[in-house]
Amino acid sequence: MSDGPEWFAPRRYGYGAGLPISWQGWALTIGVVAIAIFFAKWFAGRPLQLVAALVPLIVAFGVISARTTRGGWRWRWGEDD
């Protein structure tokens, strides 16, 4: 997975991505948070519609972060790569 862009650092312990390490990662993270806040205000009082709007957003963010994490997503025990 090291052939593509590296937008996120891997977590030191556990599975998944850590903090963004490039401006693209930060822009993506801030954009997703802003859209989630917009949806929360737009669908206030309608929880099913809020969930229906947030699930695809969160899944897309997870897929993008998995594909752009340095070293990919795998379980880590704290050792340096």
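Reader: Alanine 44, buried or exposed?

Author: Exposed. Alanine 44 has 54% relative accessibility, and the cut-off for exposed is over 50%. Keep in mind that this is a predicted model.

Reader: Where is alanine 44 found?

Author: In the loop between helix 1 and helix 2.

Reader: How many Å apart are alanine 44 and valine 59, C-alpha to C-alpha?

Author: 21 Å in space. In sequence they are 15 residues apart.

Reader: On to helix 2. How many residues, and what span?

Author: Helix 2 covers residues 47-67, which is 21 residues. From first C-alpha to last, helix 2 reaches 30 Å. That is close to the 30 Å expected at 1.5 Å a residue.

Reader: Which residues of helix 2 are buried?

Author: Ala53, Leu54, Leu57, Gly62, Ser65 and Ala66.

Reader: Why would residues three or four places apart point the same way?

Author: An α-helix has 3.6 residues a turn, so residues at that spacing point the same way.

Reader: What do the buried residues of helix 2 pack against?

Author: Two elements: strand 1 (8-10) and helix 1 (23-42).

Reader: Take serine 65. Why does it count as buried?

Author: Serine 65 has 3% relative accessibility, so it counts as buried. The cut-off is under 20%.

Reader: What is serine 65 in contact with, sequence neighbours aside?

Author: Phe8 and Trp73, once neighbours within four places are left out.

Reader: Phenylalanine 61 next. Where is its place?

Author: Also in helix 2. At 24% relative accessibility, phenylalanine 61 counts as partly exposed.

Reader: Which residues does phenylalanine 61 touch?

Author: Phe8, Leu28, Thr29 and Val32, not counting residues up to four places away in sequence. Phe8 is also a contact of serine 65.

Reader: How many Å separate the C-alpha atoms of phenylalanine 61 and threonine 29?

Author: 8.1 Å. Along the chain, the two are 32 residues apart.

Reader: Change of topic: the surface. Which residues make the nonpolar patch?

Author: Tyr15, Trp73, Trp75 and Trp77. The patch is about 520 Å². Trp73 has come up already, as a contact of serine 65.

Reader: Where is tryptophan 75 found?

Author: In the loop between helix 2 and strand 4 (76-77). Tryptophan 75 counts as partly exposed, at 46% relative accessibility.

Reader: And tryptophan 77, buried or exposed?

Author: Exposed, at 60% relative accessibility. Its place is in strand 4.

Reader: What is tryptophan 77 in contact with, near neighbours in sequence aside?

Author: Arg12 and Tyr13, leaving out neighbours within four places.

Reader: How many Å from arginine 76 to alanine 17, by C-alpha atoms?

Author: 11 Å. They are 59 residues apart along the chain.

Reader: Last one: serine 22. Where does it lie?

Author: In the loop between strand 3 (17-20) and helix 1.

Reader: Buried or exposed?

Author: Serine 22 is buried, with a relative accessible area of 16%. That falls under the 20% cut-off.

Reader: What polar contact does the side chain of serine 22 make?

Author: One with the side chain of glutamine 24, at 3.1 Å.

Notes. Residues are numbered from 1 along each chain as its sequence is written. This is a predicted model: local features need pLDDT of at least 70, side-chain atom pairs count only at pLDDT 80 or more; totals for chains, interfaces and linings use all residues. Side-chain values use heavy atoms; hydrogens and water are left out. Helices (H or I, at least four residues) and strands (E, at least two) are DSSP runs, numbered from the N terminus. The expected span of a helix is 1.5 Å times one less than its number of residues. Buried means under 20% relative accessible area, exposed over 50%, partly exposed in between (1.4 Å probe, protein chains only). Contact means heavy atoms within 4.5 Å. Patches are made of residues with over 30% relative accessible area and no salt bridge: like charges are joined within 9 Å, nonpolar side chains (Val, Leu, Ile, Met, Phe, Trp, Tyr) within 5 Å. Accessible areas come from the Shrake-Rupley method with a 1.4 Å probe; for residues, only the protein chains shown count as cover. A salt bridge is a side-chain nitrogen of Lys or Arg within 4 Å of a carboxyl oxygen of Asp or Glu. A polar contact is a pair of N or O atoms within 3.5 Å; within protein, one must be able to donate a hydrogen and the other to accept it, and residues adjacent in sequence count only if both atoms are side-chain atoms.
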